[in-house]
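Please look through the following briefing with the sequence and the structure side by side.

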Amino acid sequence: MAHNNTPTLKSWFSLLLLILLWGTSFMFTAVSLESFSPVAIVALRVLIAAIVLTLFMYAKGWRLPTEPLAWGGFLLLGIAGNLLPFFLISTGQKDISSGITGLLMAFMPLATMILAHYFVSGESLNRFKIFGFLLGITGVVIVLWPSLVGAHSNLLSGLLILLATFSYAVNAILVRRLPSYNPVVTAAGMTIVSSIAVVPLWLWQDLPWQQSYSLKATLSMLWLGVGPTAYGTIILFSVIATAGPTFLSYINYVIPVVAYFTGALLLGESIEWHSLAAMLLIILGIALTRKRVADRIPQPR
């Protein structure tokens with residue numbers, strides 16, 4: 001498909017909206033954790049998104065495939081792109097701030113680059129990619145250093161967030177290797193099978209009808225499903241279709257900044273100089289890997 005090399009005002013607006021949706025998702029996760037367990041957050045995000053995406057899909061006249069192979073692919077994508085990263089992020093955020101979470105999640109394009117070297121033809125590492133990866137790793141070490149040398153208990157949580165970046169990276173590789181369908185149909189299929197897998201576990205484990213939930217946490221939870229998970233996916237593929245993946249890749253530079261400072265401004269999380277330095281290193285690392293190579297398509301958060 002040919003893409004417009006000069007993004008329109010609508011493309012820029014969509015990009016800004018996507019940055020806000022994904023950049024603030026970690027803040028809304030932090031608020032949701034005040035009343036909901038990590039399993040509940042995963043279950044409700046995919047369930048709400050499945051409903052919204054399925055309605056949108058049928059309104060557009062698209063239909064879900066019936067081949068068993070297609071649903072097997074949706075299951076793999078649902079595990080790597082929904083269930084595992086959503087659970088790892090929600091669990092990790094119980095002990096670390098939303099801003100630090102967003103900062104660590106910026107490592108995802110670098111993780112994708114490493115996996116693509118081994119599993120995607122034409123994506124070999126070069127000196128720019130290697131040096132960019134080393135800059136990104138240095139930034140991650142700076143973020144986690146207080147936990148490594150001190151008595152902090154959040155090192156495991158930071159590692160869980162990093163594991164989520166690799167889960168998204170695996171999802172990006174699977175998208176390129178599995179049979180392709182309409183992107184919104186794929187997203188709907190992913191969230192449907194994810195819901196089937198995790199909602200019964202949530203009902204059995206949490207007994208939600210016996211719990212009490214604050215209004216703030218409930219609204220945040222609803223927004224996570226409708227906004228970043230469902231609507232964000234629709235905007236994602238709209239931007240790719242109208243302006244191309246290179247234009248879309250700009251969000252990798254901005255989302256960690258939005259995540260870090262929304263957590264500080266709206267949740268009162270502390271701003272630390274070593275975290276700002278780490279953010280700069282990770283973003284510089286991403287930028288360096290772009291030199292003379294194709295841009296990566298980021299994954300929904």
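In this predicted model, the span of residues 159-289 is 84% helix and 0% strand, and its end C-alpha atoms lie 23 Å apart. The span of residues 14-144 is 79% helix and 0% strand, with 33 Å between its end C-alpha atoms.

**The annotation**

**Helix 2 and helix 12**

- Helix 2, made of residues 25-32, and helix 12, made of residues 251-267, have axes that come within 8 Å of each other and cross at roughly 45°.
- On the side of helix 2, the contact is made by Phe26, Met27, Ala30 and Val31, while helix 12 contributes Ala259, Thr262, Leu266 and Leu267.
- Sorted by class, the residues in this contact between helix 2 and helix 12 are 7 nonpolar and 1 polar, with no charged residues.

**Threonine 186**

- Threonine 186 is found in helix 9, which runs over residues 183-206.
- Is threonine 186 buried or exposed? Its relative accessibility is 14%, and because buried means under 20%, threonine 186 counts as buried.
- When its neighbours within four places in sequence are left aside, threonine 186 is in contact with Phe74, Leu77 and Tyr181.

How values were computed:
Residues numbered from 1 in each chain as written. Predicted model: local features only at pLDDT ≥ 70, side-chain atom pairs only at ≥ 80, totals over all residues. Heavy atoms only, no water. Helix = DSSP H or I, 4+ residues; strand = E, 2+ residues; numbered from the N terminus. Buried < 20%, exposed > 50% of the residue type's maximum accessible area, 1.4 Å probe, protein only. Contact = heavy atoms within 4.5 Å. Axes fitted to C-alpha atoms, helices over the stretch in contact; angles between N-to-C directions. Nonpolar A, V, L, I, M, F, W, Y, C, P; charged D, E, K, R; others polar.
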